[in-house]
Amino acid sequence: MKKTRKVLLIPFTICLCLAWPSRYVQVNTIQAASAVAQRADFKLTDQDGHPFQFSQLRGKLALIFFGYTTCPDACPTTLSKLSHVYKMLDDSEQDRLVTVFVSVDPGRDKPAVLKKYLAYFRINTIGLTGPKDDIDQVVRQYGARYEIEQSDSAAGYHINHSTDLYLLDERGEVAHTFNYADGAQLIADEIRRVQKSR
Amino acid sequence: MINPAYILLLPLLIGLNSFSPATCAGPDDSSSLHVSSSPANKTLSALPADDQQVVIKAAWVQEGLPSQKTTAAYMLIENHGPNEIELLSASTEIANVVELHKMQLEDGMMRMRRVDSIRIPAGGNVELKPGGYHLMVIGLKKEIKEGDAVPFILQFSGQITKTINVPVKRRDKVT
């Protein structure tokens, strides 16, 4: 009887040994992938021509959105809205916040162009550009979208792009995603809520 | 008997009216004084009817952004006439080209497309506004700053032409 138990236990133990490590590894792989998705440290170039890593944002809240400087409507509207958001925040709240404009038009948006453009809106904005492949990685990371559309317009091609605004916490993880229709007051309130919760 | 000198002066009077300071269309100005222009070949008796048919209100053009040669203009176009009309084209002396464009937010994605015309229903209106229609002002020939006024010529169906002076605004002061 005891022998029978041992015989039964052997295949069970073998199965357990084979199954356990693989399940263990699999779980950890998913967690690692998730961590990479949330915390990948991309390198782009800022409006001063300096390399910029997303890890430089850590310790502050960051508002990130994607656009291009020749955008006639959505981008200047978002930046204008954010200038209202900044006016609603006090100095301390502003100091702990940075806005990041990631260009999806690296062909036209060179650092010098971004610098002049963003300075106009009088808020603390970092403009980022770089090789298309690098930009595309950041776009994918946040679930943003864009498509370059050729047209017969005298303005040349234009870019259809998503308009979501991502609020990152101090660890670089998305704390909230704002829709295009969300107003300045709602955005300012959420920034305060996240800052106070830390 | 009408003095022939008055007839000779008539086109001049019409022309002056088109470019008078009262043509300035401010965002807070709801009067219809700011729009007045008509085909020069219209008779005097036809002028009041055309002037009342199309009224432009709350027009503004975005201040030129640094490093950019493109901007956008917005306005409310009212059609007080009995028939639908179409805005067919626009032009301004301060840019190479003006096109009619439409923005559309679809599933969080802001899309833009050029349109051939903008219809204004009889007795109705169309608002050119952020997130919707705008006049795409392409190839700015000079800087336009808040406080300036930019002349635009709008060509509608029915051979209706409107000349308006559009004030330049910072977008964050309007939206």
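View 1. Thr69(A) lies in the loop between E3 and H2 of chain A; helices (H or I, at least four residues) and strands (E, at least two) are DSSP runs, numbered from the N terminus. The model is predicted: local features need pLDDT of at least 70, side-chain atom pairs count only at pLDDT 80 or more, and totals for chains, interfaces and linings use all residues. Residues are numbered from 1 along each chain as its sequence is written, chains are lettered from A and ligands numbered from 1 in the order in which they are written, and side-chain values use heavy atoms, with hydrogens and water left out. With a relative accessible area of 2%, Thr69(A) is buried (buried means under 20% relative accessible area, exposed over 50%, partly exposed in between, with a 1.4 Å probe and protein chains only). The Thr69(A) side chain makes a polar contact of 2.5 Å with the side chain of Asp109(A) and one of 3.0 Å with that of Gln68(B). A polar contact is a pair of N or O atoms within 3.5 Å; within protein, one must be able to donate a hydrogen and the other to accept it, and residues adjacent in sequence count only if both atoms are side-chain atoms. Leaving aside residues up to four places away in sequence, Thr69(A) touches Phe101(A), Asp109(A), Val113(A), Leu114(A), Tyr117(A) and Gln68(B), where contact means heavy atoms within 4.5 Å.

**View 2. The interface of chain A and chain B.** In this interface, 31 residues of chain A are in contact with 31 residues of chain B. The two chains bury about 2,700 Å² between them, 55% of it on carbon and sulfur atoms. On the chain A side, Pro72(A), Asp73(A) and Tyr120(A) lose the most area to chain B, together 26% of what that side buries. Buried area is the accessible area (1.4 Å probe) that two parts lose on being put together, summed over both.

**View 3. Helix H4 of chain A.** Leu114(A), Tyr117(A) and Leu118(A) are buried in H4(A), which covers residues 111-119. Down the axis of H4(A), these buried residues fall within an arc of 90 degrees, so they line one face of the helix; the arc is that of the directions from the helix axis to the C-beta atoms. Ala112(A), Lys116(A) and Ala119(A) are exposed on the other side of H4(A). The buried residues of H4(A) pack against H2, E4 and strand E5 (125-129) of chain A.

**View 4. Helix H6 of chain A.** H6(A), residues 184-196, has 13 residues and reaches 18 Å from its first C-alpha to its last, close to the 18 Å expected at 1.5 Å a residue (the expected span is 1.5 Å times one less than the number of residues). Its buried residues are Ala184(A), Ile187(A), Ala188(A), Glu190(A), Ile191(A), Val194(A) and Gln195(A). They fall within an arc of 165 degrees seen down the axis of H6(A), so they line one face of the helix. Among the elements of chain A that the buried residues of H6(A) pack against are strand E3 (61-67), helix H2 (74-88) and helix H3 (91-95).

**View 5. Strand E5 of chain B and its partners.** Strand E5 (residues 109-114) of chain B is joined to strand E7 (residues 158-162) of chain A by 2 bridges, and the two run antiparallel; strands pair if DSSP finds at least two bridges between them. Here Ser162(A) stands opposite Met109(B). Within chain B, 6 bridges join E5(B) to strand E4 (residues 95-106), also antiparallel, and Gln104(B) has Arg111(B) as its bridge partner in E5(B). The hairpin of E4(B) and E5(B) has 2 residues between the strands. Asp107(B), in the loop between E4 and E5 of chain B, has a positive phi of about 55 degrees although it is not a glycine. Asp107(B) is exposed, with a relative accessible area of 68%.

**View 6. Strand E1 of chain B.** E1(B) pairs with strand E2 (residues 70-79) in the antiparallel sense over 6 bridges, with Asn79(B) in E2(B) as the bridge partner of Val54(B). With strand E10 (residues 160-169), E1(B) pairs in the parallel sense over 2 bridges; there, Val61(B) has Val168(B) as its bridge partner.
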